[in-house]
Amino acid sequence: EEIEAEKMKVEPVYFDSNKATFTAQEKVKIDKLVNLLKENSNYNVKVTGYADALGADAYNMNLSKNRVSAVIKSILSSKIKKNRIELQKGLGEANPAATNDTPEGRALNRRVEFEVTKK
């Protein structure tokens, strides 16, 4: 159980401020997820996006959704079927991973998280 839980862990993809595009460095994490899904046909994934607290709530909600869309597009372009993405949602400023009072904290909040689940 422990080993499997560890294997199912995929790091969040982080974004620059006001951007819904990710760097090549961050794409490595998506590739890891894709490989995990390809190797384990009984795994699905939930994808959730977030923003930092700078800017208006509505803007950040939209931004977080766009981040999710960008990540999903990348997953689907790697020949993973759409039905393996169980859930996709943007939550804007909700559930910060770190403080929004520092640049470092905000950088950790601009993210898309993955939860790999077993069917």
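A residue is called buried under 20% relative accessible area, exposed over 50%, and partly exposed in between, with a 1.4 Å probe and protein chains only. The model is predicted: local features need pLDDT of at least 70, side-chain atom pairs count only at pLDDT 80 or more, and totals for chains, interfaces and linings use all residues. Residues are numbered from 1 along each chain as its sequence is written, and side-chain values use heavy atoms, leaving out hydrogens and water.

Q: Why does Phe15 count as buried?
A: The relative accessibility of Phe15 is 3%. Buried means under 20%, so Phe15 counts as buried.

Q: What makes Phe22 partly exposed?
A: Phe22 has a relative accessible area of 21%. Because this value lies between the limits for buried and exposed, Phe22 is partly exposed.

Q: How many aromatic pairs does a search of the whole structure find?
A: The search finds 1 aromatic pair.

Q: Why is the pair of Phe15 and Phe22 called edge-to-face?
A: Rings of Phe, Tyr and Trp (its six-membered ring) pair if their centres lie within 6.5 Å; planes under 30 degrees apart count as stacked, over 60 as edge-to-face and the rest as tilted. The centres of Phe15 and Phe22 are 6.3 Å apart and the planes stand at 75°, so the pair is edge-to-face.

Q: What makes Arg111 a charge over the ring of Tyr50?
A: A charge sits over a ring if NZ of Lys or CZ of Arg is within 6 Å of the ring centre and within 35 degrees of the ring normal. Arg111 lies over the face of Tyr50, 3.9 Å from the ring centre.

Q: How do you know that S1 and strand S4 pair?
A: Strands (E, at least two residues) are DSSP runs, numbered from the N terminus, and two strands pair if DSSP finds at least two bridges between them. S1 and strand S4 (residues 111-118) are joined by 2 bridges and run antiparallel. Val13 stands opposite Val112 in S4.

Q: In what order do the strands form the open sheet, and which are the edge strands?
A: The 4 strands follow the order S1-S4-S2-S3, with mixed pairing. Strand S1 (13-14) and strand S3 (85-90) are the edge strands, as each pairs on one side only.

Q: Why does Thr48 count as buried, and what does this residue touch?
A: Thr48, in strand S2, has 11% relative accessibility and therefore counts as buried. Contact means heavy atoms within 4.5 Å; not counting residues up to four places away in sequence, Thr48 touches Val68, Lys89, Leu91, Arg111, Val112 and Glu113.
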